[in-house]
Amino acid sequence: MRWHCCIFSRHPNTSLPHRPMATILAFLRREARVQRILIVAILFVSSLQFFVHDGPTSQEYADAIHSFHSGPTRKRSVLSPSSDIANVSSVGAAANASHANDNLASSSLILENTKNLVFCGHCSYDLHNTCNERLKFVMGRHHVPEGKAREDLIPDCGIDYSSEPYVLLHAGPHKTGTTSIQSFLYHSLWKNATFLDEDNFAIPTFDELPGRFGEIGPMLNFAHCMIANLVKDGGQMNMAMCNKLRFGTFPHFLEKHHNQSHHVLIVAEDLDRVTIDHKRMLYYLRPYRRLRVVVDYRRQHDWLPSWYNQIVDLYTVKYIRGEARYPSFVEWIDERYNEFRQVHAIEVATRYRNSGKFESVDILNMHDDVSLLEDLFCNYVPFANATCQGIIDGAKSTRPNIGRTHEYERLATKAFLRGKIRNYHTAIAPKVAEQIKNAAVERGIFKDGDAYPKICLNQTFLDQLLQTEMEQERKYFPKWYESQGGDEGLRKEFENAKHKLCSMDDEKVLASGVLDPIFEELNK
């Protein structure tokens, strides 16, 4: 039986397919004698050096590393503010650790999460070698520990932090000031303010991010295209809309600003969703490779009532039409706390950090004494000097998203559905609610606008909520937390805010009939 070579099945200069091995060897002897001799000699010398050498010197090792990488040496640089800022926490590292360590850890994270990725597309070495494969080679060939191998690989073929621009993604979450930031950014662009340009920041507008959301919300179009199953997962952008964004001017916008070394800022609260596809985000944001994420921390006992008021405000029409039950805050927490806890800042930051696709993930503390805009651009974003100065000089948001309570609106809606109020619709709901509150206080039915019968969250839940906040702030903002009195300081603040965690007992109020004379006045 004769074996046939499975590699050299046909030579372009011959018409004989599947030559026997002996024929091919004869052919190689005739055509490539010199090349074979050189290859054998090189392999022999290399193996001889390997076996007789106790190990490479530090200089030999450095030379080998640099010869293994054909590109120029790259250096890391720290582009983040000082670690002394107590209101910034880096997820996954010790609280208030320096951003230099964050960048190094992030670089290691890049190495760890590229098993299925082509590493460093701009490098001239074999693109099929992932960084993990290269890491194994260096460790095995030069007998060095993993930490040393990583340290030498990153500067040569990692991201150059001194010149590579980044995309900063402000991922909310909801009710932490994202609307104010969006308003500030677009108002600044409309006024032709130059400070964003001076700080090398580019802001995508509706021209680059077309879709459902306009005015100050086009960056939400980007966020809704990152929702895994788009409309099926509750998004407002369908495939056709996202294709328009993906194949429209947005890629040209990114390419242009990347080539000009401009950073891009995207602020979208819907990036807090559990269903955000982080891998898709990397694809949409090419050619940018440095992606940073920041979220704002707000204590749950303050954040949850604000979230509830925004949610019920969105469903006002359905409630008035009787198409959905109007829940109280207490009922809403009982039914949906676990769902909404997943879009709290700590949970959002943890998801982004665990995905391994982002250079850094940081948490800003909304409870310090610095304004939201100043905290972001003066304390957090590196080298945003012109924008910071613009804020100090008076540049501000034109549309703060200030919520309102809905206790009397819920009462009025239920009264309407039961026939106690006749003329009632969405446009006048807030006005009618205010009239009911004022009349109840004037007639002495309630001592003040908040002195109505209440139902509150049970003590077990409140204790768990307080314990959660203590643990989070000890971990992520330890210096600031201690400066505010630690556990005792938070417990005192929590007690003072407990009234926010209660709801009007509207069923008891309506059943008592105590407000019926006011309803009759409204019907006249």
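Modeller: Glu215 is exposed, because its relative accessible area is 58% and the cut-off for exposed is over 50%. This is a predicted model, so the values that follow are computed from predicted coordinates. The backbone at Glu215 has a phi near 50°, a positive value in a residue other than glycine. Glu215 sits in the loop between strand E3 (201-202) and helix H9.

Gly172 and Pro173 are joined by a cis peptide bond, with omega about 0°. Pro173 belongs to the loop between strand E2 (166-170) and helix H7 (178-190). Another cis bond runs from Arg286 to Pro287, where omega is near 10°. Pro287 is in the loop between helix H12 (278-284) and strand E5 (290-297).

A search of the whole structure turns up three of them. One is formed by Cys225 and Cys242, with 2.1 Å between their sulfur atoms. The link of Cys225 and Cys242 is left-handed, with -100° about the S-S bond. This pair connects distant parts of the chain, 17 residues apart: Cys225 is in helix H9 (residues 218-225) and Cys242 in helix H10 (residues 239-246). Cys225 and Cys242 are both buried.

Cys378 and Cys388 form another disulfide, and their sulfur atoms are 2.1 Å apart. The torsion about the S-S bond of Cys378 and Cys388 is about 105°, so this disulfide is right-handed. It links helix H17 (residues 372-380), which holds Cys378, with helix H18 (residues 385-392), which holds Cys388; the two cysteines are 10 residues apart.

The disulfide of Cys456 and Cys502 has an S to S distance of 1.9 Å. The link of Cys456 and Cys502 is right-handed, with 105° about the S-S bond. It ties strand E7 (residues 454-456), where Cys456 is placed, to strand E8 (residues 502-504), where Cys502 is placed, across 46 residues. Cys456 is partly exposed at 39% relative accessibility, and Cys502 is buried with a relative accessible area of 15%.

Two helix contacts complete the tour. Helix H21 (residues 459-476) packs on helix H23 (residues 486-496) at an angle of about 140°, and their axes are 10 Å apart. That angle makes H21 oblique to H23. The crossing of H21 and H23 is right-handed. On the H21 side the contact is made by Leu462, Leu465, Leu466, Glu469, Met470, Glu473 and Arg474; on the H23 side, by Asp487, Leu490, Arg491 and Phe494. Sorted by class, the contact of H21 with H23 has six nonpolar and five charged residues, and no polar ones.

Helix H13 (residues 300-314) and helix H15 (residues 329-341) cross at roughly 105°, with axes that come within 11 Å. H13 is thus roughly perpendicular to H15. In H13, the residues that meet H15 are Gln300, Trp303, Leu304, Pro305, Trp307, Tyr308 and Ile311, and their partners in H15 are Phe329, Trp332, Ile333, Tyr337 and Phe340. The contact of H13 with H15 has 11 nonpolar residues, one polar and no charged.

As for the whole, the protein chain has 25 helices and eight strands. Of its 524 residues, 46% count as buried. Among contacts in the chain with a separation of 6 or more, 75% are between residues 24 or more positions apart.

Conventions
Residues numbered from 1 in each chain as written. Predicted model: local features only at pLDDT ≥ 70, side-chain atom pairs only at ≥ 80, totals over all residues. Heavy atoms only, no water. Disulfide = S-S within 2.5 Å. Helix = DSSP H or I, 4+ residues; strand = E, 2+ residues; numbered from the N terminus. Buried < 20%, exposed > 50% of the residue type's maximum accessible area, 1.4 Å probe, protein only. Axes fitted to C-alpha atoms, helices over the stretch in contact; angles between N-to-C directions. Parallel < 35°, antiparallel > 145°, perpendicular 65-115°, else oblique. Left-handed = near helix turned anticlockwise from the far one by under 90°. Contact = heavy atoms within 4.5 Å. Nonpolar A, V, L, I, M, F, W, Y, C, P; charged D, E, K, R; others polar.
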